[in-house]
Amino acid sequence: MPKAMQITGIEAIPVRLRLAQKMVTALGDPGDSVTFGIVKVSTDAGITGIGEISMFWNGGGAPLCETVRDLLRPALIGSSAFDISAAIARMDQAVQFSVAANPAKAAVEMALHDIVGKALDVPVYVLLGGRRRDRALLSKSIMVESIEGMVAQAREFVAQGYKGIKVKVGIDPVDDVAAVTAIRHAIGPHIVLRVDANMGWRSAKEALAVIDQLAPLGVRAVEQPLAREAIEEHAYIRARSPLPIMVDESLWGPDDAHRVIQAKAADLLSVYVSEAGGLRNAMRIFEMAETAGLRCVIGSMPELGVGIAACAHLAVAAPICSSRWTGPMSCASPIR
Ligand SMILES: [Mg+2]
């Protein structure tokens, strides 16, 4: 057993990337490029851990690099890299009341897992409880454009081997139904098809009207019909919907998961390592969902390679993932 090692340095490096494709959804268009962050945590034993700040929105990862440097770094220097729970508590004390800082905390926590894994010479999934599966179904998202363009995206992804497709909807209800109908006819009945409204529908009534039209198309789940705060409205929709309801934007950390579960607002939870605040919090949400009889998928920001690696370790170790509705993992980065 190696001796506990002290954290001696934390760096956060902004990384700007050009997007390989347009990313238009009901959330808007993030533009041609986005900034992420790479976090390096060093120790007195010479082991360095790497983490990633995955954040597509709210100015991307650059402001969160400052959060790491100015708030999280001073809270952790000198403490043990092995005491990950204590490090999470220190980070929560250093940045309170804001889930917006979760991707910064997640990057540091990811790096601590990397350090402990390297020190013990075990994969990170062992630190999360060990391997439960060897394979994870991937899903790819279709961005909003012309219906012909969306059908072309769907055909391309299926040709690439994806068994799950998620269609971005929520901008115009008529276009939503037309696009999903055309895509279903193009890809046939056997590809798992989900839709994601990204909070775009304007009311529970509008959402239910669209969902009723999507039901005959074999849509496996409807993601985030309404705004993040509309928990009660999602419970209302879920009680009346012929299709399973998934929450995404309504769910960042374990506190959000508790609220969603209590309100019976969803059948499925979309869990992000970044938004949850790290691997341990993501596992907590999976375990809360398991206890409540709900299923989870792993959502994608999307991430870069380090963030995808963290998602993959979570996918290996997490309790019951959703294969019935959608497959456990929807990581498919369009960033090159
Ligand atoms: Mg989503």
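The model is a predicted one. Its secondary structure comes to 12 helices and 10 strands. The points below go from the whole chain to single residues.

**Overall form**

- The protein has 336 residues, and a compact globule with that number of residues would have a radius of gyration near 20 Å. The radius of gyration of the protein is 20 Å, which agrees.
- Taken along the principal axes, the box filled by the C-alpha atoms is roughly 60 × 40 × 35 Å.
- Of the 336 residues, 57% count as buried.
- Among contacts with a separation of 6 or more, 71% are accounted for by residues 24 or more positions apart.

**Distances across the model**

- Ala-75 is found in helix α1, which covers residues 62–76.
- Leaving aside neighbours within four places in sequence, Ala-75 is in contact with Arg-90 and Ala-94.
- From Ala-75 to Pro-242 the distance in space is 48 Å, C-alpha to C-alpha, and the two are 167 residues apart in sequence.
- Ala-152 has its place in helix α5, residues 147–160. With 42% relative accessibility, Ala-152 counts as partly exposed.
- Ala-152 and Thr-291 are 139 residues apart along the chain, and 40 Å separates their C-alpha atoms.

**Charges and salt bridges**

- The protein has 34 positive and 35 negative side chains. The centres of these two sets lie 5 Å apart.
- The structure holds 13 salt bridges.
- Asp-114 forms a salt bridge with Lys-118, and their closest N and O atoms are 3.1 Å apart. Lys-118 counts as partly exposed, at 44% relative accessibility.
- Lys-166 forms a salt bridge with Glu-223, with 3.0 Å between the closest N and O atoms. Lys-166 lies in strand β5 (residues 164–168) and Glu-223 in strand β7 (residues 219–223), so this pair ties together parts that are 57 residues apart in sequence. Both Lys-166 and Glu-223 are buried.
- Arg-228 forms a salt bridge with Asp-256, and the closest N and O atoms are 3.2 Å apart. This pair links distant parts of the chain, 28 residues apart: Arg-228 is in the loop between β7 and α8 (231–240), and Asp-256 is in helix α9 (residues 254–262).
- Arg-228 counts as partly exposed because its relative accessibility is 24%, whereas Asp-256 counts as buried at 4%.
- Lys-166 and Glu-223 also belong to a network of salt bridges that links them with Lys-168, Arg-194 and Asp-196.

**Backbone features**

- Most residues other than glycine have a negative phi, and most peptide bonds are trans. The residues below are listed against that background.
- Met-301 and Pro-302 are joined by a cis peptide bond, with omega about 10 degrees. Pro-302 lies in the loop between β10 (295–298) and α12 (305–317).
- Asp-121 is not a glycine, although it has a positive phi of about 60 degrees. Asp-121 has its place in the loop between α3 and α4 (124–127). Asp-121 is exposed, because its relative accessible area is 69% and the cut-off for exposed is over 50%.
- Gln-224 is not a glycine either, and it has a positive phi of about 45 degrees. Gln-224 lies in the loop between β7 and α8. Gln-224 is buried, because its relative accessible area is 0% and buried means under 20%.

Notes: Residues are numbered from 1 along each chain as its sequence is written. This is a predicted model: local features need pLDDT of at least 70, side-chain atom pairs count only at pLDDT 80 or more; totals for chains, interfaces and linings use all residues. Side-chain values use heavy atoms; hydrogens and water are left out. Helices (H or I, at least four residues) and strands (E, at least two) are DSSP runs, numbered from the N terminus. The radius of gyration is taken over C-alpha atoms; the globule rule is 2.2 Å times the number of residues to the power 0.38. Buried means under 20% relative accessible area, exposed over 50%, partly exposed in between (1.4 Å probe, protein chains only). Contact means heavy atoms within 4.5 Å. Lys and Arg count as positive and Asp and Glu as negative; His and the chain ends are not counted. The place of a charge is taken as NZ of Lys, CZ of Arg, CG of Asp or CD of Glu. A salt bridge is a side-chain nitrogen of Lys or Arg within 4 Å of a carboxyl oxygen of Asp or Glu.
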